[in-house]
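Trainee: Please pick one part of this model and go through its packing closely, contact by contact. I would like the cut-offs behind each term as you use it.

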Amino acid sequence: MNLGRTIRLIIIGSLCAGLGGCTYFRQKRVANDQLQKAIYARENGSPEQAIIALKQATKANPKLVPAHVMLGDLYKEGGDFEKAGQEYQTLTQLEPKVASHSYNLGLMQQLLGRLRQASEAYLKSLKLDPKNADAHMNLGLVYLTLADQSKAIEHLQQATSLNPTSIDAWTNLGAALDDHDEPADAEKAYRKALELDGNRYNLFINYGSNLIQQSRPDEAIKLLQQSADMKDSALIEKLMGDALTKKGWWDAASGRYEKATRLDPKYINAYNALGNTLISAYERGMQLNEPLRERAVAAWKTSLSLRLDQPAVAAQLGKWSRNN
């Protein structure tokens with residue numbers, strides 16, 4: 001009997017038993033092999049094959065962090081935010097002190113419309129990495145959607161401080177300040193965004209709306225026209241109508257509102273604005289123009305057919321449906 005060989009076999013056997021058996025090593029090897037297959041498949045433009053391999057990898061080794069990271073990223077890139085969120089949730093448990101896992105989880109929750117869960121994940125991420133400008137900006141947008149303007153402004157200001165060249169951060173800060181009824185400060189944010197890049201569609205729309213709020217319709221029209229030159233939309237036409245109404249150009253305004261309703265037949269605010277503008281023109285006419293009143297009534301009726309719970313619109317309809 002070869003004593004040395006026997007001792008070596010006993011030692012190796014004891015090592016396997018101490019680590020949960022030699023099956024552990026086989027599973028680990030399978031997991032790593034599948035991870036390499038996934039990397040190859042992804043690099044060669046086969047995300048579906050990569051996902052299959054990654055599922056095998058995480059099944060063989062549920063704690064294989066790189067596999068969960070890649071799987072989450074692939075689901076995110078494919079638009080499956082639910083499954084991506086599940087992977088990022090797993091990662092927050094495997095590596096609770098890694099800020100990017102909580103950030104990615106927050107982003108998925110935000111995209112899925114789960115705003116409270118998104119805010120919790122972003123806050124956890126920021127606790128681990130307070131200087132993540134993107135986390136501050138996204139959290140600011142979450143709070144803005146939740147109508148918590150004060151917190152939205154706080155985090156968006158942090159985002160602009162940490163990344164002062166972020167056009168999106170400045171634009172979103174402007175929107176938050178507008179919602180908080182601070183149009184002058186909002187304009188400063190929009191101007192900063194314009195200095196960084198003077199050719200942003202959403203920026204022109206937001207800034208144009210801000211100028212209307214500040215009763216500066218001529219400046220608003222110029223900005224909104226720049227947006228329309230890029231891509232016209234029902235929103236732009238509605239805002240154009242608002243600006244023209246500020247100038248007292250009722251006919252031109254009503255034409256814009258009507259165009260907005262053609263572009264979006266379910267645009268309730270455009271129908272309401274059209275009715276209000278037409279009735280203003282009707283009241284200011286030297287002679288009562290019945291077709292104006294009838295068009296206003298028709299606009300309000302359409303608005304109410306789209307959403308019945310509008311007491312102010314219903315009151316206008318009740319008042320002007322009669323011959324006054």
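Mentor: The crossing of α13 and α14 is left-handed (the near helix is turned anticlockwise from the far one by less than a right angle; clockwise would be right-handed). The names refer to DSSP runs numbered from the N terminus, with helices being H or I of at least four residues and strands E of at least two. The model is predicted, with local features needing pLDDT of at least 70 and side-chain atom pairs pLDDT 80 or more, while totals for chains, interfaces and linings use all residues. Residues are numbered from 1 along each chain as its sequence is written, and side-chain values use heavy atoms, with hydrogens and water left out.

Helix α13 covers residues 217-230 and helix α14 residues 234-246; they pack at an angle of about 160°, and their axes are 9 Å apart. Axes are lines fitted to C-alpha atoms, for helices over the stretch in contact, and angles run from 0 to 180 degrees between N-to-C directions. The pair is therefore roughly antiparallel (over 145 degrees; under 35 is roughly parallel, 65 to 115 roughly perpendicular and the rest oblique). On the α13 side the contact (heavy atoms within 4.5 Å) is made by Pro-217, Ala-220, Ile-221, Leu-224, Gln-225, Ser-227 and Ala-228. On the α14 side it is made by Ile-236, Leu-239, Met-240, Ala-243, Leu-244 and Lys-246. By class, this contact has 10 nonpolar, 2 polar and 1 charged residues. Ala, Val, Leu, Ile, Met, Phe, Trp, Tyr, Cys and Pro count as nonpolar, Asp, Glu, Lys and Arg as charged, and the others, Gly among them, as polar.

Helix α14 also packs on α12, where the axes come within 10 Å and cross at roughly 25°. That makes α12 roughly parallel to α14, and the crossing is left-handed. Tyr-201, Ile-205, Ser-209 and Ile-212 of α12 meet Leu-235, Ile-236, Leu-239, Asp-242, Ala-243 and Lys-246 of α14. The classes here are 7 nonpolar, 1 polar and 2 charged.

Helix α12 has a contact with α11 (residues 183-196) as well: the angle is about 150° and the axes are 10 Å apart. These two are therefore roughly antiparallel, and α11 passes α12 in a left-handed crossing. From α11 come Pro-183, Ala-186, Glu-187, Tyr-190, Arg-191, Ala-193 and Leu-194; from α12 come Leu-203, Phe-204, Asn-206, Tyr-207, Asn-210, Leu-211 and Gln-213. That contact divides into 9 nonpolar, 3 polar and 2 charged residues.

Most residues other than glycine have a negative phi. Ala-147, in the loop between α8 and α9 (149-162), has a positive phi too, near 65°.

Helix α12 (201-213) also gives two or more residues to the lining of the largest pocket, as do α8 (133-145) and α10 (167-179). Among the lining residues are Tyr-201, Leu-203 and Asn-206, and α10 gives the most, with 5 residues. A pocket is an open set of points on a 1 Å grid over the protein atoms alone where a 1.4 Å probe fits, with protein on both sides within 12 Å along at least five of seven lines; lining residues have an atom within 4 Å of a point. The lining has 6 nonpolar, 4 polar and 2 charged residues.
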